[in-house]
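Q: Hi! Could you walk me through this one? I'd like to go through it piece by piece.
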Amino acid sequence: MRKVGVAVVGAGVVGLSTAVCITEAIPHSDVTVLADRFTPNTTSDVAAGVLFADEFPDIPLEQQRRWFKRTFDHLLAIADSPEASLAGVFLCSGFQVFREVPDDGKPFWSDYVLGFRTMTDEELKRFPQYKFGQVFTTLKCECTVYLPWLQSRLIKAGGKIKNEKVTDLHQLGQRYDVIINCSGLGARDLVGDGELYPVRGQILKVQAPWLKHFVRASDGQTYIYPGMASVTLGGTRQIGDWRLETDAEESAGIMERCRLLEPSLRGAVCQGVQVGLRPGRRNLRLERELLHLQGRWVPVVHNYGHGGWGITLSWGTALDALQLVQQCLTEHPQLAKL
Ligand SMILES: Cc1cc2nc3c(=O)[nH]c(=O)nc-3n(C[C@H](O)[C@H](O)[C@H](O)COP(=O)(O)OP(=O)(O)OC[C@H]3O[C@@H](n4cnc5c(N)ncnc54)[C@H](O)[C@@H]3O)c2cc1C
Ligand SMILES: O=C(O)CCC(=O)C(=O)O
């Protein structure tokens, strides 16, 4: 029996998670990840990798909760296993602080992180400019470690990886039975999605090994996330900005804002500056369609547009993409019987 040939376009956290889920769940699949950039050169590699999210406005909250919880549970199991350091996944605790008391002090994911609660007045004293805060333990998934680990897991399960820029899905129509589009911001050109836009993010990596807690200002413009080898200081969220170069003035601004939150950073040594373009979209796209490519009908599953929450939602959306592939195989029995 010939296997079902599946092409996954994209080797960021979304593409690799989706490829692993399909390869491990569908034994008669032959999955190839095609990408023009691999770790450490994807946007995912720039991410702080913290499990945290804002809401997509038009996607049912239940669905977003499921994506968050499934990713959290998957990564927590890794964090609790001997694989944790090899996969770059670990628990991290800290504070989110607000200048004004929010109307709703409980984000949609508050039941899934560990120990979510409101900060006490004593805890808030450390942040004199802030009136309200939340304390919780979430996960950090460092993609420069996690993506190589996912690639190894994929290859071990029988998947393949190929360096190829896909300029048109027609290129793949004759070579694969199912196509999964996890091209992030690249989907703007690949499938002409004008709803996608870049949200530029610049971060600093500093040496400050005494810091053990994260601190995040609720506007998402200032955050301090201690990690395995360095502390990530952020950030910027510049909508529509395509610049990949680093900006010295912005670095100075990030450092200044972070020092106001965490004065001990005055002693921190800066190791590097990075920029990434988040795949911004009003709502992420997770759906399937049937495309007529080079004389045959080919199911295409889209899974892109995760904005600033691609690591947070990676496993949950990959499991939904897998379900869409399974539906394609049921509805197109010629594929299931290959
Ligand atoms: C500064 C910063 C901090 C962040 N922090 C966090 C965080 O703490 N938590 C969180 O959840 N998220 C965070 N994010 C967001 C996160 O990085 C993204 O949501 C995530 O990386 C998107 O993953 P992706 O796999 O869709 O895209 P990418 O990582 O961009 O991968 C896209 C892949 O598609 C390939 N590709 C594209 N077009 C083509 C083509 N035509 N042919 C072949 N291959 C193609 C690329 O080569 C690449 O392999 C942050 C982002 C930034 C910039
Ligand atoms: O916003 C955060 O706190 C985590 C970092 C992030 O998700 C981002 O910068 O996109």
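Q: Which residues are around ligand 2?
A: This is a predicted model, and in it the residues around ligand 2 are A48, V50, F52, G201, R216, G220, Y223, G234, G235, R278 and G308.

Q: And what's the make-up of that shell by class?
A: The shell around ligand 2 has five polar residues, four nonpolar and two charged.

Q: Nice. Where does ligand 2 lie relative to the domains?
A: Ligand 2 lies between domain 1 and domain 2, because both of them give residues to its shell.

Q: Remind me, what are the bounds of those domains?
A: Domain 1 is made of 4-196 + 281-335, and domain 2 covers 197-280. Their centres, taken over C-alpha atoms, are separated by 22 Å.

Q: How many residues are in contact across the two?
A: On the domain 1 side there are 25 residues, in contact with 25 residues of domain 2.

Q: Which element gives the most to the domain 1 side?
A: That would be strand 3, with seven residues. Strand 3 spans 89-98, and helix 2 (43-46) also supplies at least two residues to the side of domain 1 that touches domain 2. By class, that side has twelve nonpolar, ten polar and three charged residues.

Q: Switching topic: what does UniProt list for residues 6-319?
A: An unreviewed UniProt entry lists residues 6-319 as "domain: FAD dependent oxidoreductase". In the model, the end C-alpha atoms of that span lie 15 Å apart, and the span is 27% helix and 32% strand.

Q: Do strand 2 and strand 6 pair in the parallel or antiparallel sense, and over how many bridges?
A: Strand 2 (residues 29-35) pairs with strand 6 in the parallel sense, over four bridges. Within that pair, V33 stands opposite I161 of strand 6.

How values were computed. Residues numbered from 1 in each chain as written. Chains lettered and ligands numbered in written order. Predicted model: local features only at pLDDT ≥ 70, side-chain atom pairs only at ≥ 80, totals over all residues. Domains from an automatic or database assignment. Contact = placed C-beta atoms within 7 Å. Nonpolar A, V, L, I, M, F, W, Y, C, P; charged D, E, K, R; others polar. UniProt positions renumbered as here; feature names shortened; annotations may be inferred. Near = placed C-beta within 6 Å. Pairing = 2+ DSSP bridges.
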